[in-house]
Structures are given as C-alpha cells and as structure tokens.
Amino acid sequence: MSDHEAATAECDTNIQTNKKKPRTVFIYKKANKDKIEDLKHFSEDFMTSHENRTCSENWELFKDSLKNATDKHIPTKLLSGRWNLPWMNKDIKRLMSKRRRRYNAWKKYGDTADLAEYNKLKEDVKIALKQAHNNYVEGLFEEDGSNPAKRLWSYVKSLKIDKIGIPSLLFENKLVSRPQQKAEALSQQYKSVFTLHNRGYILHPI
C-alpha cells in the first residue's frame, strides 16, 4: 500500500443475540426414592472392587451408574422461553408476530410509516401482556376446588431466575452486596491465609 492511498475497511454492526435454548431440569420431588435407594447395592459392590480398577475407570463407572439412576427414576421437564408463559394467548402471539414483521419491514426499507406502526404495535403488546398477566394472577385466588396457596407459590417459584456471579457475603458481621465491597472482603480473606515472615529469621539449607 502506497502512502497516498486511504485504508478502507468493512464492518458488520448488526447485533448478534444469543437466544436462550430450552433446558431440561429434574423434578426431584417426584423421584422414585425406593428405586434410587438401590444404589446402596452398587455402593457396596463398588467399594469391594474399586482397587482392581484405575482411578479413571472408577470415575466412569460411578458417573454412568449415577446418570442411569437419575434418568430412569427422576422425571424431567423442559424449561422454555417466553412463548410458553401461562398467561400468553393466541391473540398476544399474533400481535407479537405483526410487530416483528413490521420491524423487519422498517429495517429492510427504512420507511418511517413502518417505524410508526412498529412503535404502536410495541406499545399494544406491552399493554396486552400486562393485562393478561394481571388477569392470570387474579385467577390464582379464585375458588375452583384446587389449593390457591399451592398455585400461588408455583407462580412465585416460576419467577425465579438463575443468578450468575458471587452472592452477598458476610464480612466482619456485616452483609456486603456491592461488587466493590465483595472484592475487598475476598481480598482480605485471601490475605488472612498468608503469613509475612521476617526474612532475617528464615533458615536457609546448609
């Protein structure tokens, strides 16, 4: 490249979003405990013969036996995304599809009319979701022969999300939750396990 030519580059500014895939979780409260207790026999056999196998072989045997027991005797369910919310109905899904189509049209052609329609549909979806959610929560307290407390706590449990990161820490009899406070607490904890020696008293080998 000579000194009078400008350098050019192309970059892709589209945001790549990672969609959350459905995941399988175990329903431990519905596990067949009698069948799982059969692992006691495996434990006895394992302890009597583990010396005849290598460490890797023991680990593979233990892992496979435990996995087979959980797969057979503990039921599972599939956790999916927002489309399977209990208050989601066909009308809301249809409205969300229209919103997505209008957004794609605006991104493709750049028409301000499409943008205005998209903003209107976005607000309509927001209102419809809020109303459907409120109606669902109110229905939890209706007397229909089932246990309302159980349904309420099931709903509360469904709102929980997985927390990623370091939870709140108890440091010097105080609960710290801010990132900087947690970093200082962990730093002090790590420092406490090391001892600073006086180099004048360190013994050197002869």
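I took helices (H or I, at least four residues) and strands (E, at least two) as DSSP runs, numbered from the N terminus. The model is predicted, so I kept local features only at pLDDT of at least 70 and side-chain atom pairs only at pLDDT 80 or more, while totals for chains, interfaces and linings use all residues. Residues are numbered from 1 along each chain as its sequence is written, and side-chain values use heavy atoms, with hydrogens and water left out.

**Salt bridges**

I searched the whole structure for salt bridges (a side-chain nitrogen of Lys or Arg within 4 Å of a carboxyl oxygen of Asp or Glu). The search returned five.

**Helix H4**

I began with Asp-91 and Arg-94, which lie three residues apart in helix H4 (residues 90-109), about one turn of the helix. Their side chains form a salt bridge at 3.1 Å, N to O. I noted Asp-91 as exposed, at 53% relative accessibility.

**Helix H3**

I then went to Lys-63 and Glu-60, whose closest N and O atoms are 3.5 Å apart in a salt bridge. Both sit in helix H3 (residues 55-73), and because they are three residues apart there, about one helical turn separates them. Lys-63 is partly exposed, at 36% relative accessible area; Glu-60 is also partly exposed, at 37%.

In helix H3 I also checked Lys-67 and Asp-71, which are four residues apart, about one helical turn. Their salt bridge has its closest N and O atoms 2.9 Å apart. I recorded Asp-71 as partly exposed, with a relative accessible area of 42%.

How values were computed:
Buried < 20%, exposed > 50% of the residue type's maximum accessible area, 1.4 Å probe, protein only.
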